[in-house]
Amino acid sequence: MHPASCTDKIRPFLVMDVLEAAHALEAEGHDIVHLEIGEPDFDTPDCVKEAANKAISDGQTHYTHSLGVMALREAICEDYHTRYGVSLCPEQIVVTSGTSPAMLLAFGALLEPGEEVLLPDPGYACYPNFVHFVHGEPKRVRLREADGFQLHPDLVREAITPGTRAMMVNSPSNPAGTVLPGEWIQELAGLQPALVADEIYHGLVYGEAASSVLEHTEDAFVLNGFSKLYAMTGWRLGYLIAPQRFMRAIQKLAQNLFICAGSVAQHAAIAALRHAGPDVERMRQTYDTRRQVLLQRLQKMGFTLAVEPKGAFYVFVNASHLGSDSYTLAFDILHKAHVGVTPGIDFGPGGEGYLRFSYANSLENIEKGMDRLEAYIQKL
């Protein structure tokens with residue numbers, strides 16, 4: 001007996017290697033500045049916690065509709081109409097236990113074995129693993145730093161083959177923190193492959209708002225959730241918006257794989273959408289202050305960026321002048337400077353030579369981390 005062959009294609013999540021090594025150092029008594037993990041350091045807004053407590057008191061602790069509580073799906077429709085001016089119906093939405101299951105449902109409903117998905121390189125480390133798991137073929141598209149590591153339509157046209165079924169976009173981007181221009185989305189929407197958009201960092205933008213793919217086409221799959229914008233990572237709640245002709249297939253998958261998302265978290269999410277706006281804006285402004293400080297410090301140390309990151313909470317910089325192996329470099333920084341950073345190779349071959357810094361940490365810790373990194377570089 002041995003594990004299924006598809007698991008051989010699943011790569012480890014390298015940022016977790018860094019995080020676990022950092023925790024081991026902390027257990028030995030070392031003080032570590034965490035700039036590796038992409039998790040909000042804020043607590044969940046009070047209105048969300050209060051709604052969860054009320055849901056428990058009211059007995060909202062049972063299975064829900066397999067697509068999710070109707071009031072939540074209606075609130076998601078309202079949110080997309082308010083933010084983007086698009087009209088959705090609740091029957092286009094399935095609520096999931098985090099955005100990762102939403103991705104599994106999307107690829108599970110889209111792909112026949114062997115069909116290609118064009119993925120950004122560098123891009124979120126888990127994308128190819130989901131494609132592999134449903135027996136699709138991930139095809140990395142090498143992105144250009146001058147484009148802010150976003151998927152340019154010309155690159156897609158060059159990469160499309162008869163076996164290409166879908167393409168993945170992520171804006172604001174992980175790892176680059178950049179925003180996909182609306183005119184590029186318009187061009188991508190006009191191409192043949194199905195458009196799958198990861199919009200989990202929408203709302204965390206510093207400047208012009210990010211454009212949803214649904215502003216440009218109704219025929220797209222959108223992944224979103226509550227982890228990042230509402231500081232609800234542990235609540236494990238996301239959703240998938242899909243064309244209605246796919247919804248019965250998606251619902252059957254959801255019923256069998258998950259039954260439904262957690263009932264209490266769903267009721268809490270309604271409060272997040274309707275009442276947490278002031279909390280979100282406070283967090284967004286704080287992130288922006290941190291972003292500016294981190295950019296200033298990194299650039300002062302000689303790191304370069306072709307495009308300023310204006311979304312999410314990441315800065316992705318070329319660190320090849322410090323070492324060509326980003327994994328080794330990240331661990332050297334961790335052990336010698338006691339600063340956790342994510343190696344660029346975690347995001348694909350196109351990320352090699354780069355490091356990702358997360359500013360989902362306090363301004364005090366960011367400054368401390370930059371002081372330590374500067375001292376590390378001076379000793380090289």
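Visitor: Where is A231 placed?
Guide: This is a predicted model, by the way. A231 sits in the loop between β7 (220-225) and β8 (238-241).

Visitor: What's the phi of A231 like?
Guide: It's near 55°, a positive value in a residue other than glycine. Most residues other than glycine have a negative phi.

Visitor: And is A231 buried or exposed?
Guide: A231 counts as buried because its relative accessibility is 7%, and the cut-off for buried is under 20%.

Visitor: What about R236, where does that lie?
Guide: R236 is also in the loop between β7 and β8. Its phi is near 50°, again positive in a residue other than glycine. R236 has a relative accessible area of 37%, so it is partly exposed.

Visitor: Switching to peptide bonds: which bond is the cis one at P172?
Guide: The one from S171 to P172, with omega near -10°. P172 lies in the loop between β5 (164-170) and α7 (182-189).

Visitor: And what kind of peptide bond joins N174 and P175?
Guide: A cis one, with omega about 25°. P175 is in the loop between β5 and α7 too. For context, most peptide bonds are trans.

Visitor: OK, strands. Why is β12 described as largely enclosed?
Guide: Because 5 of the 5 residues of β12 (residues 354-358) are buried, the strand is largely enclosed by the rest of the structure.

Visitor: Which way do the side chains of β12 point?
Guide: Y354, R356 and S358 point one way, and L355 and F357 the other way. All of them are buried.

Visitor: What's β12 joined to, and by how many bridges?
Guide: Strand β9 (residues 314-318) is joined to β12 by 5 bridges, running antiparallel. Strand β11 (residues 342-343) is joined to β12 by 2 bridges, also antiparallel.

Visitor: Which residues stand opposite F357 and L355 there?
Guide: V315 stands opposite F357, and P343 stands opposite L355.

Visitor: How many disulfides does the structure hold?
Guide: It holds 0 disulfides. Take C260: the nearest cysteine sulfur, that of C77, is 19 Å away. C260 counts as buried because its relative accessibility is 15%.

Visitor: Pockets next. How much space lies in the largest pocket?
Guide: About 500 Å³. The lining of the largest pocket has 25 residues, and F13, G38, Y124, Y201 and K228 lie nearest its centre.

Visitor: Which elements give two or more residues to that lining?
Guide: Those are α1 (14-27) and α4 (99-110). The most comes from α4, with 3 residues.

Visitor: How do the lining residues of the largest pocket divide?
Guide: Into 11 nonpolar, 8 polar and 6 charged.

Visitor: And what's the volume of the second largest pocket?
Guide: About 330 Å³. The second largest pocket is lined by 20 residues, with V179, L180, P181, G182 and E208 nearest its centre. Its lining divides into 9 nonpolar, 6 polar and 5 charged residues.

Visitor: Last one: which helix is Q285 found in?
Guide: Helix α10 (residues 277-300). Q285 counts as partly exposed because its relative accessibility is 44%.

Visitor: What does the side chain of Q285 make a polar contact with?
Guide: The side chain of E281, at 2.8 Å. Q285 is also 9.5 Å from V205, C-alpha to C-alpha, with the two 80 residues apart in sequence.

How values were computed:
Residues numbered from 1 in each chain as written. Predicted model: local features only at pLDDT ≥ 70, side-chain atom pairs only at ≥ 80, totals over all residues. Heavy atoms only, no water. Buried < 20%, exposed > 50% of the residue type's maximum accessible area, 1.4 Å probe, protein only. Helix = DSSP H or I, 4+ residues; strand = E, 2+ residues; numbered from the N terminus. Pairing = 2+ DSSP bridges. Disulfide = S-S within 2.5 Å. Polar contact = N/O pair within 3.5 Å; in protein donor to acceptor, adjacent residues only side chain to side chain. 1 Å grid on protein atoms, 1.4 Å probe; cavity = no way out; pocket = protein on both sides within 12 Å on 5 of 7 lines; lining within 4 Å. Points joined across faces, edges and corners; volume = space filled by probe spheres on them. Nonpolar A, V, L, I, M, F, W, Y, C, P; charged D, E, K, R; others polar.
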